[in-house]
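I opened this model to look up strand pairing, helix packing and the chain contact. My entries follow in the order I made them.

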Amino acid sequence: MLSIQNINKQFAHRPVLRDVSLEIRDGELLGLVGPNGSGKSTLLRIVVRVVSCDGGSISWNGNSILNAGADQRRPLLYLGHEPGFYPPLSAAENLLLIAKLYGLEPSPADVEKNLSEVGLDPARSGPIREFSRGMLQRLALAKTLTIPWKLLLLDEPTTGLDKQGKSMLSQLIETWRKDDRSLLLVSHDEEWLSSHCDRMVQLSNGRIQRSEVDGEKSVQTELMEEA
Amino acid sequence: MLAVLVRKDLLIEFRSREILISMITFGAAITLLYAFSFRPSPESMLTFAPGLMWMVFLFVSVLALHRSHSLEKEFDAFSMILSAPVERSVLFISKYLSGFIFLVIAQMVLLPLFFLFLQLPLPANLAQMVAVFLLVDLGISAAGSLLSGIVMRVRVNEMLLPLILFPMVTPLLISAVKSTASIMDSQPFNQWKLWFQLIVSFVIVFSLMGYLIYDYVSEE
């Protein structure tokens, strides 16, 4: 279980996150929505320690992520808004490199299989600098098949994907749901998110404004509205 | 993990050839400029040469440091590395080592050109010269990798890096120039021992500092 407690973050004295607390249970698919600049991406980046926070704590199964060694991040996989690859390398080389960073040694055949599964040509050896946004997004999805993660943090995963790509992503999400893996999804597309997530949380001005379970407002939200 | 990261930097450079080509082209151009601008006596050239030489290598190293980190930024690969289970201290050492390797390769091409075009005699004690060069390269790479990590997320980082790096490595460069001049003048080690000790101290301080604080400076 991922537990986020009282996270605060300021950029240049401007508060981006204010006392944000969240919990993601094992096997839960949590959707995070909110307008631009509400702090959704920042929260994801804080969880994987790309961005530092000014206060609060984050733990995975009771072990702190913020004050621990790199090994605590091993169960987490973050796919950001940007592709997160090296442009001069090929798709297969990028995947192999990322696998090695997680201490894995996949065979070239495994990498080729993962590339084929997301609809990329494994024989293509050119640099990914020539890839379109949609192809990069598919390559990012191939990362999820290569790394044995327990919690996946996805920031705007549908950006650049065509209809076929979106449907492939939906299928992958359903597979992950069956495997009892946890997901934290961030998207502007509230309709798409709500069709996949068990619970939705809305961030606005760096605060959690709304929390819904299967379309029903949670007790926490009702209390917030009464206040 | 360190080997994986250093191999990654070398493979990227092998594919793109962006860093070494720009370093060597820029260094060769300045060397030629020096060669055609100065026509002093061989004695006075020996006095000027070490300073000119290290000026070239300082500028060339900034090119390498900046390009190496901007490649990390291009598709935000740096965030991918930071989010992976990789110790940040290991990440610093990998950047430090790859920066050192690029600088040594560039010097292997540029130094013969420098000696040829400026008609300098080869130093009698080549081993001392090599030791000083390797140590100064380590110092520049240590300070440069640490500072690049700090400024890489800033929008005007290409301007900020030299602005902070140059004053910071000034003690190292003065020591490098003094040591190189002494070696080229065939002075005994005792006479320039202090400069050598300064270089060693600089390398130790910045290597340790980078190893210890990169975890904090690499996060946004």
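**Entry 1: the sheet of chain A**

I began at E5(A), where A:Ser64 is the bridge partner of A:Ser59. A:Asn63 of E5(A) is the bridge partner of A:Trp60. Strand E4 (residues 55-60) of chain A and E5(A) pair antiparallel, over two bridges. I took strands as paired if DSSP finds at least two bridges between them. Strands (E, at least two residues) and helices (H or I, at least four) are DSSP runs, numbered from the N terminus.

A note on the source: this is a predicted model, so I kept its rules that local features need pLDDT of at least 70, that side-chain atom pairs count only at pLDDT 80 or more, and that totals for chains, interfaces and linings use all residues. Residues are numbered from 1 along each chain as its sequence is written, while chains are lettered from A and ligands numbered from 1 in the order in which they are written.

Next I looked up the hairpin of E4(A) and E5(A). Two residues lie between the strands, and A:Asn61 has a positive phi near 50°. The hairpin of E1(A) and E2(A) also has two residues between its strands, with A:Ala12 at a positive phi near 50°.

E1(A) pairs with E2(A) over seven bridges, in the antiparallel sense. A:Leu22 in E2(A) is the bridge partner of A:Ile4. E1(A) also pairs with E4(A), antiparallel, over five bridges. There, A:Ser57 in E4(A) is the bridge partner of A:Gln5.

What is the strand order in chain A? I read E2-E1-E4-E5, an open sheet of four strands with antiparallel pairing. Strand E2 (14-24) and strand E5 (63-64) are the edges, each pairing on one side only. Helix H1 (residues 40-47) of chain A packs on this sheet and touches strand E1 (2-11), E2 and E4. Its direction makes about 120° with that of E1(A).

**Entry 2: helix packing in chain B**

I turned to helix H5 (residues 88-117) and helix H8 (residues 189-217) of chain B, whose axes come within 7 Å and cross at roughly 125°. Axes are lines fitted to C-alpha atoms, for helices over the stretch in contact, and angles run from 0 to 180 degrees between N-to-C directions. That angle makes H5(B) oblique to H8(B). Under 35 degrees would be roughly parallel, over 145 roughly antiparallel, 65 to 115 roughly perpendicular, and the rest is oblique. Residues of the contact include B:Phe92 and B:Tyr96 of H5(B), and B:Tyr211 and B:Tyr214 of H8(B). Contact means C-beta atoms, placed from the backbone, within 7 Å. By class I found six nonpolar, two polar and two charged residues. Ala, Val, Leu, Ile, Met, Phe, Trp, Tyr, Cys and Pro count as nonpolar, Asp, Glu, Lys and Arg as charged, and the others, Gly among them, as polar.

Helix H3 (residues 42-74) and helix H7 (residues 157-184) of chain B pack at about 145°, axes 9 Å apart. Their contact includes B:Trp54 of H3(B) and B:Leu165 of H7(B). I noted 17 nonpolar, four polar and one charged residue in this contact.

**Entry 3: where the chains meet**

How many residues of chain A are in contact with chain B? I found 26, against 22 residues of chain B. Helix H2 (residues 91-101) of chain A gives the most to the chain A side, with four residues. That side has 16 nonpolar, four polar and six charged residues.

Technical notes:
Two residues are in contact if their C-beta atoms, placed from the backbone, lie within 7 Å.
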